[in-house]
Amino acid sequence: MKQYLKLNEWSIIEEGFDPHNHEISESIFSIGNGYMGQRANFEEQYSGPSLQGSYMAGVYYPDKTRVGWWKNGYPEYFAKVLNSTNWIGIDVEIDGTPLDIFQCTVKDFVRTLNMKEGVLSRSFTAVLEDGKELRVSSSRFVSIVRHEIGSIRYSVTPLNFEGTLTFTPYLDGDVKNKDSNYDEKFWLEVFREAGESTSVLTVKTKKLDFHVTSAMTFEAARSGEKLTLTPQAVEKEKYVGSRFSIQAGQGQEVTLFKYVANVTSRDHGLGQLSDQARHLLEQAVQAGYSELEREHKAAWLDKWKESDIVIEGDVAAQQAIRFNIFQLNQTYSGEDDRLNIGPKGFTGEKYGGSTYWDTEAYCLPFYLSTADAGISRNLLIYRYKHLEKAKENAKKLGFTKGALYPMVTMNGEECHNEWEITFEEIHRNGAIAYAIYNYVNYTGDTAYLGQYGLEVLAEISRFWEQRVQYSEAKQQYVMLGVTGPNEYENNVNNNWYTNRIASWTMEYTLEVLEQLQREEPERYGELISKLELKDEETTQWRHIIDKMYYPEDAERGIFLQQDGFLDKELLPVKSLDPAHLPLNQKWSWDRILRSVYIKQADVLQGLFFLGDRYDLETKKRNFDFYEPFTVHESSLSPCVHSILACELGYQEKAYEMYLRTARLDLDNYNNDTEDGCHTTSMAGTWMSVVHGFGGLKVRDGVLHLDPFVPGHWTSFSFKVMFRGARLNVKVSEQDIVILNETDTAVTLKAAGQDFHLEGRGEAKASRTVKAGS
C-alpha cells in the first residue's frame, strides 16, 4: 500500500514529484467523458517510465491470441481498446534545450485533479542543467459538453533569465499498446496535413478498419496579450505538428492554448471525418478556452447534483467515494448502447478495455440509482444485441442450443484465452440474467421483459439445461469442471454459486414466462413462436430446479464453495506472514490452487445477489466461515463483504472493507494501479455506501432504506433516483431525513416506517440503531 496523495474532499493532490509514483499517478489522474479518455501523461517530453494512453471509446483491435498450447474453442484474438493518437503533446525547448523533468531538477511540483469541475492541472519549477529556472503550469480537460473536444492551457514563465521559448504542439499516431501480444503496432496512416496553425491526422486500424481523425489548432499569449505567430509546419509518418518560438523576458508568462477534435468512423462516415473534425475544432476555437472550461465545469456540477455522496467526519472516506463516482461518471455516459464499461475504463490497458460480467454485477446498480433508467436499459440492450453471438459461443463449445455470453468481449464474441476462465467461469451467464431481474425490479419497467429480456433469459436457461448433468450416484443434477467467482480455484465440481445462480436463472425465466402469458398474451405467443420454446424444455427446467445439487456442510451450517473444499488446510489469512501477500505476486499458481485462500466473494456473492432467499443466520454462518480465508485480491471482493457486513451489523468490518475498496487505487492496495484504475469495482464502492451503510433494497416495488452511520463518520448523505423521483437521503446518529428533489411522488419505507413522499416533500424517520460487532 502506497499513500502519497493528499487528503482533500474534492481534489486528488500530489505534492512533490517522484518518478517511481508517476505511472500510478498517470492512472489516478486520468480524465474522460465517456467518448474518449486520457491518462495523466505529461504534455511535454518525458523520458522516464510512462504508460502513454489516449483512448477512443469503442475503437479496438483484435490482437492475435498468444498461448503456448492451443485448445479447440479458443478465440482467435484478445480484443484491446487501443492507445490512440497522442493528442496532448507539446514539446518545449528553452534556448534549444528540451524540457524533460526526468532530466532536470524539479521543485514545487503539484498535480491536482479537481473532481468537482473535471479539470486536471499541474505546476512545477524546473531547474535546467545550465541553472535556468522556469515555472510551468498546465490545465486540461476533455469536454463533457462537446464530447469530441479536448483543450489544454500550457504556460511557461522564465524565472531567472530571458530567452527563447520554442513550442511544438503536435498529433502523434505512431503509438503502440504496451500489452500487444506480439509487439505489433496497430495503426496505419491514412491522411496527414500539417498546416501553420491547423493540422489534421487520420489513422486507421490494421484490422476492422476503424478510422480516427484528429484536428489540432492553437493560440498563444504573452503576459495575457494574444500573439501573432509564424509557425513552421512539421510532419513525418503518422505525425503532424507546428513549431514556433517566442521571446520571453524574465517573469513573462507565455501561454499556449491547444484545441483538439477527435472523431471516429464509429460516428461519422469515412468521407466526412476530416470535415467534421475541422468543423468541431472551429467551433471550439470560436468559443475559446475559458468558455469551453466554463460550460464543462457547469456540466460537471450538474452531474454531482445527481450522484454526490457527502460524508461528514472522515476526509479519507469522502475523498475516496468522490474519486470513485468521478471515474464512473467520466467512463460511461449511457448515451451509446454500442458501448459498455471496461474494468479499467479510460485509465489503462490491462484487461483490454473489454466488457466483463463486472458491468451486470457491479456497475448496473450505480447507473440505476444515479441516472435516467434509459442508461441502465442501454447496458442491458448491449447484451441483447449480442445474443446471436452468445448462441454462437455456446455452439463453439459443443452445445446444440442456448447462449453462453463471453467472459470478455467487444462485439459479442469471446476473446479471452485462459482455459479456466474462457470455458469454465460460466457463472457470468447468471450475472446477466440477474441484471435483467435487478433492472426490472428497480425500475418497474416490465415492458423490457417482453421487448428484450425473455429472449436472453430463455437462451441462458437453455444453456444451463445442457451444462448440468444428472448424477446417478447423487440422484441430483450436478455441474462439473467449472470455475466460480473465486479464480483461485479452477476446474472444480459443483461450485455452489454457479449451481445456485443457474437454478435461479431457470426459476426467474419461468416466472417471466408466466407473467407475460398473463399480462401480454399476444407478445407471449410471438415469443414462444420465435424461440420455438417447447413445453418439454420448461418441464425439464423445473426438474433441474427441484433436483439441483448444492454442496454444504450440515455440521457447520454452511454452503460449501465446491465439492472437497473442506479437504483443504483451513488456515485463516491472518496466520500468513504479510510478506506472502499479495499471493498472486508471491506464490506459485500451484500453491494458490491447493490453498484455502479465496480471491473474492464466491458463496458470499450468491448470498449477496439472492439475499431475499436466505435469513440472517444463514448469511452470518457463511460470512463468518469464508471471510477469514479471503485475501481480497480481486478489486470486486471488498464491496460485497462490506455490504453483507453492514447487514449483519459488523460495523467495523464493514468500514474496513469499504475503505479498502474505496481507496483501492488511491492507496494502491494491490500494487497494480500503474496498469490503470479498477473502474468497475468503483461501482461496488458506491454500493458499499448506498446498499451497505444506506441499507437500500427494493421489495415488491417499494424502496427500503435501513441505514446506519459508521463509527468513523458523524453523518452521511446520498442521492438515488427511483422511478422518476430523485431522493436526497441524509443519515445522522439520530434520524434519517429524506428530501424529494423532484415533482414525482414516491412510496418508500425508511427504518421500518412507511412514507408516501409527495413531490418536493420531506420525510423524517428515527434511525434504528444496529448492534455493532
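## Ground rules

Two strands count as paired if DSSP finds at least two bridges between them. Helices (H or I, at least four residues) and strands (E, at least two) are DSSP runs, numbered from the N terminus. This is a predicted model, where local features need pLDDT of at least 70, side-chain atom pairs count only at pLDDT 80 or more, and totals for chains, interfaces and linings use all residues. Residues are numbered from 1 along each chain as its sequence is written, and side-chain values use heavy atoms, with hydrogens and water left out.

Let's start with strand 10, which covers residues 119-127. Eight of its nine residues are buried, so the rest of the structure largely encloses it. Buried here means under 20% relative accessible area, with exposed being over 50% and partly exposed in between (1.4 Å probe, protein chains only).

On one side, strand 9 (residues 105-114) runs antiparallel to strand 10, joined by eight bridges. Leu113 has Leu120 of strand 10 as its bridge partner. These two strands make a hairpin with four residues between them, and Gly118 in the turn has a positive phi of about 70 degrees. Strand 10 also pairs with strand 11 (residues 133-142), again antiparallel and over eight bridges. There, Arg122 sits opposite Ser138 of strand 11. This hairpin has five residues between the strands, and Gly131 takes a positive phi near 90 degrees.

## Two open sheets

Strands pair through backbone hydrogen bonds, either parallel or antiparallel.

Another open sheet has four strands, ordered 26-27-31-32, and its pairing is mixed. Its edge strands, strand 26 (697-699) and strand 32 (753-757), each pair on one side only. From one strand to the next, the twist averages 30 degrees. Strand 27 (residues 702-705) and strand 31 (residues 746-750) run parallel, joined by three bridges; His704 has Lys749 of strand 31 as its bridge partner.

Helix 4 takes in residues 315-331.

Axes are lines fitted to C-alpha atoms, for helices over the stretch in contact, and angles run from 0 to 180 degrees between N-to-C directions. In contact (heavy atoms within 4.5 Å) are Ala317, Ala320, Ile321 and Asn324 of helix 4 and Tyr658, Leu659, Thr661 and Ala662 of helix 19.

## A closer look at Ala320

Ala320 belongs to helix 4 and is buried, with a relative accessible area of 0%. Not counting residues up to four places away in sequence, Ala320 touches Tyr658, Ala662, Arg663 and Leu666. The C-alpha atoms of Ala320 and Arg660 are 9.8 Å apart, although 340 residues separate them along the chain.

Notes. The expected span of a helix is 1.5 Å times one less than its number of residues.
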